[in-house]
Amino acid sequence: MSEARQIIVLCGGLSSEREVSLRSGQAVAEVLPGARLVELTADALPDWLDAARHVVFPDLHGGWGEYGRAQAELEARGVAFAGWAAAANRLCMEKVATKQAMRAAGVPAIPAVAVAGAAKPADAAPVAALG
């Protein structure tokens, strides 16, 4: 009989949202019996993470954790994890692309106005575009 895999709650990292990640990671680890809380000090997976022994609950905020990069590394190493696949994370963090994908799939999406970088539309432009 195979041994159950240990749940690893990853939190921390280098994001400006590190403190939020640490607090939420702690809260998650407290309610998952037997979970091991791992506070990352870099945007990198621990070397000891083992696909045969661990399943990951990524509670990572900011770019590495929210844009699918951490999930892509987990996928590449064959480590099971909770949450969305890397591609879904990348897509969902790009709001314009998300709405385009929703509409292409026949899912209603509210109207939006995309503003690139420092560009600021005239006050009337967004109102006119949104109706």
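Is serine 15 buried or exposed? I count serine 15 as buried because its relative accessibility is 16%; buried means under 20% relative accessible area, exposed over 50%, partly exposed in between (1.4 Å probe, protein chains only).

Notes on the source: this is a predicted model, where local features need pLDDT of at least 70 and side-chain atom pairs count only at pLDDT 80 or more, while totals for chains, interfaces and linings use all residues. Residues are numbered from 1 along each chain as its sequence is written, and side-chain values use heavy atoms, with hydrogens and water left out.

Entry, serine 15. I found serine 15 in the loop that lies between strand 1 (6–12) and helix 1 (18–31). Helices (H or I, at least four residues) and strands (E, at least two) are DSSP runs, numbered from the N terminus. The serine 15 side chain reaches the backbone nitrogen of glutamate 17 at 2.7 Å. Beyond neighbours within four places in sequence, serine 15 contacts Asp43, His61 and Gly62; contact means heavy atoms within 4.5 Å.

Entry, histidine 54. I placed histidine 54 in strand 3 (residues 54–58). Histidine 54 counts as buried, at 1% relative accessibility. Setting aside residues up to four places away in sequence, I listed what histidine 54 touches, including Arg5, Trp48 and Val79.

Entry, core. The largest nonpolar core has 13 residues, and Leu10, Leu49, Val56 and Leu74 touch the most other members. Such a core is a set of buried Ala, Val, Leu, Ile, Met, Phe, Trp, Tyr and Cys residues joined through side-chain atoms within 4.5 Å. Strand 1, strand 2 (36–40) and helix 3 (69–77) each supply at least two residues of this core.

Methods. A polar contact is a pair of N or O atoms within 3.5 Å; within protein, one must be able to donate a hydrogen and the other to accept it, and residues adjacent in sequence count only if both atoms are side-chain atoms.
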